[in-house]
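Here are my notes on the model, in numbered points. Have the sequence and the structure open while you read.

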Amino acid sequence: MPVVYLGGGFALYEVTRQPEFQASVGLGWLAVGIILFTGAGIVAAVVLAVRGGVKTFRDWRRSRGHYSRAERAQRALQAHAELAWNEAARLRSSLIRREIPPVVSVWDLVLEPGEAIFYDLPITYERYYGQAVSYSQSSGFFFGHPAFVLAGLAATSIGNAARRSSAEAQSRTQWRDWQQTRLLVTNRRLVCLVNGQWMKFDFGAMVAVYPEIHNWALVCEFNGAPGPLRLSGPNAPIAAVMTIHATHGIDALVRHPSLQPLSVPTDHQAQAVRAE
């Protein structure tokens, strides 16, 4: 800022001290340009100084353990993801050694004989399906000047086209029913609390399983409606390991290519969590 101020002042002094300055329109406009440029430079310098000062202050606070609310939430998410990733890796190793995971107690779900719950986790739930959507077309009777009639017909046509496009978009096959929910992982099935009701997904009913560990997701396909299930979030790798074990066996835990990222250190996976 001092450099801009002194440089602008010196340039303005050199212009105004010229003998022909009073009679020269060009020199007058040059002086005005120097003043405007100097003012803009000073403003820009102030803005940069403030931004740099704020960043320096924030860095100083972070160095002493003080974080903003958003930063605290991000750090908590990262820490949770690292713990979940470590648990998925530990679970994979223990299942390969034929060790049974610890059982947890859940009192609000009636279990089948011989069924045990191993995990009670928060998860993101989605289903992939299309749906039938109806819409109504409007029509109108217009009387009067031809321009008025044409405008009315055009407006009606545009409205019908918009409603038709909206209905087509709503009926398209896509991921639906997105919600944060609760997941119970048992030795026989995955159970999700969806809209206040328990949805049960038996391992024996699955026809395809896609453990998308690198995307923190698990996709399962079943026979019949309403379509594939996707579970996503930091706890998805845990559900994926249990599902692969139940549907493909111990050998798949070792050889399945989608489970190989569980061998990657957690600090590498934390970078992926930030993107999520």
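1. What pattern does the chain follow, read along the sequence? It goes α-α-α-β-α-β-β-β-β-β-β-α-α-α, with seven helices and seven strands. Helices (H or I, at least four residues) and strands (E, at least two) are DSSP runs here, numbered from the N terminus.

2. A word on the ground rules. This is a predicted model, so to speak: local features need pLDDT of at least 70, side-chain atom pairs count only at pLDDT 80 or more, and totals for chains, interfaces and linings use all residues. Residues are numbered from 1 along each chain as its sequence is written, and side-chain values use heavy atoms, with hydrogens and water left out.

3. The overall numbers. Of the 276 residues in the chain, 32% are buried (under 20% relative accessible area; exposed is over 50%, partly exposed in between, with a 1.4 Å probe and protein chains only). Take the contacts (heavy atoms within 4.5 Å) with a separation of 6 or more: 62% of them are between residues 24 or more positions apart. The accessible surface of the chain is about 17000 Å², and carbon and sulfur atoms hold 60% of that (Shrake-Rupley method, 1.4 Å probe; for residues, only the protein chains shown count as cover).

4. Now the aromatics. The whole structure has four aromatic pairs (rings of Phe, Tyr and Trp, the last by its six-membered ring, with centres within 6.5 Å; planes under 30 degrees apart are stacked, over 60 edge-to-face, the rest tilted). One of them is tyrosine 125 with phenylalanine 201, a tilted pair at 6.4 Å centre to centre and 40° between the planes. Tyrosine 125 belongs to strand β1 (residues 117-129) and phenylalanine 201 to strand β4 (residues 197-202), so this pair ties together parts that are 76 residues apart in sequence. Tyrosine 125 is buried at 2% relative accessibility, and phenylalanine 201 is buried at 5%. Another tilted pair joins tyrosine 128 and tryptophan 175, with 5.0 Å centre to centre and 55° between the planes. Here tyrosine 128 is in strand β1 and tryptophan 175 in strand β2 (residues 174-186), so the parts tied together are 47 residues apart in sequence. Tyrosine 128 counts as partly exposed at 33%, and tryptophan 175 as partly exposed at 28%.

5. Tyr125, Phe201 and Phe222 make up one aromatic cluster. Over the ring of tryptophan 175 sits the charged end of arginine 230, 4.2 Å from the ring centre (the test is NZ of Lys or CZ of Arg within 6 Å of the centre and within 35 degrees of the ring normal).

6. Next, strand β6 and its partners. Why is strand β6 (residues 217-222) described as largely enclosed by the rest of the structure? Five of its six residues are buried, so that is how it counts. Strand β5 (residues 206-212) runs antiparallel to β6, and six bridges join them (strands pair if DSSP finds at least two bridges between them). Glutamate 212 has alanine 217 in β6 as its bridge partner. The two strands form a hairpin with four residues between them, and tryptophan 216 in the turn has a positive phi of about 55°. β6 also pairs with strand β7 (residues 229-232), antiparallel over four bridges, and valine 219 has arginine 230 in β7 as its bridge partner.

7. Two buried polar side chains are worth a click. Asparagine 235, in the loop between β7 and α5 (236-248), is buried at 3% relative accessibility. A polar atom of its side chain lies 2.9 Å from the backbone oxygen of proline 122. Not counting residues up to four places away in sequence, asparagine 235 touches His80, Ala84, Leu121, Pro122 and Ile123. Serine 94 is in helix α3 (residues 69-96) and is buried at 3%; a polar atom of its side chain is 2.9 Å from the backbone oxygen of leucine 91.

8. Last, backbone angles. Most residues other than glycine have a negative phi. Arginine 98 has a positive phi of about 65°; it lies in the loop between α3 and β1 and is exposed at 68%. Aspartate 177 also has a positive phi, near 60°; it lies in strand β2 and is partly exposed at 34%.

Conventions: A polar contact is a pair of N or O atoms within 3.5 Å; within protein, one must be able to donate a hydrogen and the other to accept it, and residues adjacent in sequence count only if both atoms are side-chain atoms.
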